[in-house]
Every structure is written in structure tokens, then in C-alpha cells.
Amino acid sequence: MSPSLLRHTPYLTSTVPFPIRYFISSTKMPKTRLSTMQQNPGAQKIQLKCSEVGGVVPNRVRKRRGEMLAKEVKTESPDEKFLRHPEIEDLANKSGNIYSQSIQPPANWERVIEGIRRMRSSEHAPVDSIDPDEGVTSLQPKERRFAVLVGSLLSSQTKGHVTHEANQRLLENGLLSADSMDKADEVTIKSLIYPVGFYTRKARHLKQVAEICVSKYDGDIPSTVDELLLLPGVGPKIAHLVMIMAWNKVEGICVDTHVHRVSNRLGWVSQPGKKQGTRSPEETRVSLQQWLPKEEWVSINLLLVGFGQSICTPLRPRCAKCTVSQFCPSAFKDMSSTATTSRTLSPKKKH
């Protein structure tokens, strides 16, 4: 591995969060409204009252119904552990949940990781192009942590260089602190982060997050996964990323689209109790954490993101150049299927 790659090993990425090194369940659905009403006569009464006023739901009724349904889900759902983000401790053997399954590590996984490390040291990937520390190291601890959270929020569905440039504009305008962003208007935030993906929604989330950080955390950010997940726009991937980058706590693997795709192609993950691959990054995270040693939880993101950008690409993966293809059950399959799909979708030539 090259010195530059080793230097950035602690950093992670989703689809390239800043100031991270851009590498970085099957749940039981809540009860439906019908099943809730059948088990709760009070809900039926509310429904009757609503019908009496021509389908218009008074605010007091809407509020009461929301409180009742929230209480119903909270108190009666037997799978509450599936609906919250699992802590490291949840991975211990406990009966009755998916984290209790004893998962054997896939064959040759260590040789695969070592092979990917060698390929990453000689193959440049977009994730290696940006310095995540630019302008951030000079910030005070609270501001630096808030900057990590902001960059992680902006990185979703956005290219790395676009996220980086948006953060630099926020930094240049003095908005990479909870206090300053809380005082800024949403229109200004939106103009500065454009053209990140979903910039209008993200501007609203940033404003809300800043207000929460000021009022509840004295300008700092939450220091636990559970509290981070309560913030607008924050999901499991961002929460674990922020815990690592802002608080130096490793409580889970950061799984983005590249880690999700590569892990499934390698046959490293599967749905709970099934042989099929995982259907979402969150399922992939849970599956990986059941067998991958914790000392690999940080570096695995950087390795697989760069590998997914340069070799194991979404379309036409470069299997012929991959040095671990002999251990990959998907080798050459996606490449041929992609070519077939392209021929099928291409317009027919007129004769």
C-alpha cells in the first residue's frame, strides 16, 4: 500500500462525505391503520367522528390519532430492536433477533482483502483526489465536529468534489458552526450548497440540525448513534461515519453503495436466514458486522469504495484486471449481463 493510502486509512466515505476520506432487515413492518383500528376501539371512534364532518380531520383529532398510533407502535411492536440502530453490544449472542446468528467468515476473505489493498495502492480512484482536512483542522473542536456532520449530510447522492466545494463555500462564509448556521436563513444555505443532490431538502435539514445542536447540545453535536439518528436527514451510514470522524468511536461499519455492491458480488453478505444477498446498505452493514473483525471496520470502507470506483465498477466491472477474481462468485457475470442489456436496449438500425 502506498504511503498516501496508509495516511488516509482512518478516513471513511459514503458516496464521498466530507471531511472524510470519501472512502470511507428484514424488519417487521409497523401495524397497518386497519389492524390498529381493529384492535383499538378508540381509533374507530376517531374515524367515525372524522366521517361525520365530511372527511375533514380537525387538528385536535389528528393530533390525538397520531399520539395513539405512536403509542400503539411503541408499546406493541415485538420487533422494536429491529427498528432501532443496533449498538455493538447487540451483536453478542442473544436469542430472538438476527444479530444472534453465528455467521462463519467467507472463505479466503483475508486473501481477498489483501489483494484489494494491493490493487488500491497502485490504482487511483476518485476517492483519493480530495484532501478532506482542507480548512477543517483550524476549526475549534465543536466546529470541527459540526463540520463533519454537515459534510456527511451533504455527501448523500453527491459526487465527492461537489460535496467538498459546497463545504468550502460554507467555510468561507463562516457557516460551519451550529451557531452561525442557526442564524443564517435557509435561502442563503441553499445557494451556498448548490448543486449538491437534493440541495433544497438538505438546506432545510441543515437549518433544523443547527437549531437542535444549539438548543440541546450547546452548539456541539450528539455523541451517540441513537441521538444522531434522531437528527433530520441522518441515517445509520451517516451516524456511524460521524461517530468515527467526529468522536473517534467505532460502533459500526459505514456502508455506502460501493461497499454494498462489492460485498454482494464477493458473496460476503446475505439476508438473515437466507442465502440471497442483502437488499440494502443497512442489511449489508449488519451482515458484515457479524463476521468481519472489528479492527477492519474502519478500513474496509476506504478499500471497497476505491475498489468499487476503479475496478469493481457498477457497469462493466474490470474483472480481467482484478487479481482476486478467482475468489469472486460474480466474476465476469455482471460484465456479460451488462453487455447483453446494452444490446437489448440499443435502438435497432434501420436497413
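Where is Asn248 found? Select Asn248: it is in the loop between helix H13 (236–247) and helix H14 (257–265). Helices here are DSSP runs (H or I) of at least four residues, numbered from the N terminus.

The model is predicted, so local features need pLDDT of at least 70 and side-chain atom pairs count only at pLDDT 80 or more, while totals for chains, interfaces and linings use all residues. Residues are numbered from 1 along each chain as its sequence is written, and side-chain values use heavy atoms, with hydrogens and water left out.

**Two asparagines with positive phi**

Most residues other than glycine have a negative phi, and most peptide bonds are trans. Asn248 is not a glycine, yet its phi is positive, at about 55°. With 70% relative accessibility, Asn248 counts as exposed; the term means over 50% relative accessible area, buried means under 20%, and partly exposed lies in between (1.4 Å probe, protein chains only).

Next, select Asn108, in the loop between helix H5 (80–83) and helix H6 (109–122). Asn108 also has a positive phi, near 65°, and counts as partly exposed at 35% relative accessibility.

**The aromatic cluster**

Now select Trp109, Trp268 and Trp291, which form one aromatic cluster. Rings of Phe, Tyr and Trp (its six-membered ring) pair if their centres lie within 6.5 Å; planes under 30 degrees apart count as stacked, over 60 as edge-to-face and the rest as tilted. The whole structure holds three aromatic pairs. In one of them, the ring centres of Trp109 and Trp291 are 5.5 Å apart and the planes stand at 70°, so the pair is edge-to-face. Trp109 lies in H6 and Trp291 in the loop between helix H15 (281–289) and helix H16 (299–310), so the pair ties together parts that are 182 residues apart in sequence. Trp268 and Trp291 also form an edge-to-face pair, with centres 5.5 Å apart and planes at 80°. Trp268 is buried, with a relative accessible area of 5%, and Trp291 is buried at 7%.

Finally, select helix H10 (residues 186–193) and helix H11 (residues 199–217), which pack at an angle of about 130° with axes 9 Å apart. The axes are lines fitted to C-alpha atoms over the stretch in contact, and angles run from 0 to 180 degrees between N-to-C directions. In the loop between H10 and H11 is Pro195, joined to Tyr194 by a cis peptide bond with omega of about 15°.

Conventions. Helix = DSSP H or I, 4+ residues; strand = E, 2+ residues; numbered from the N terminus.
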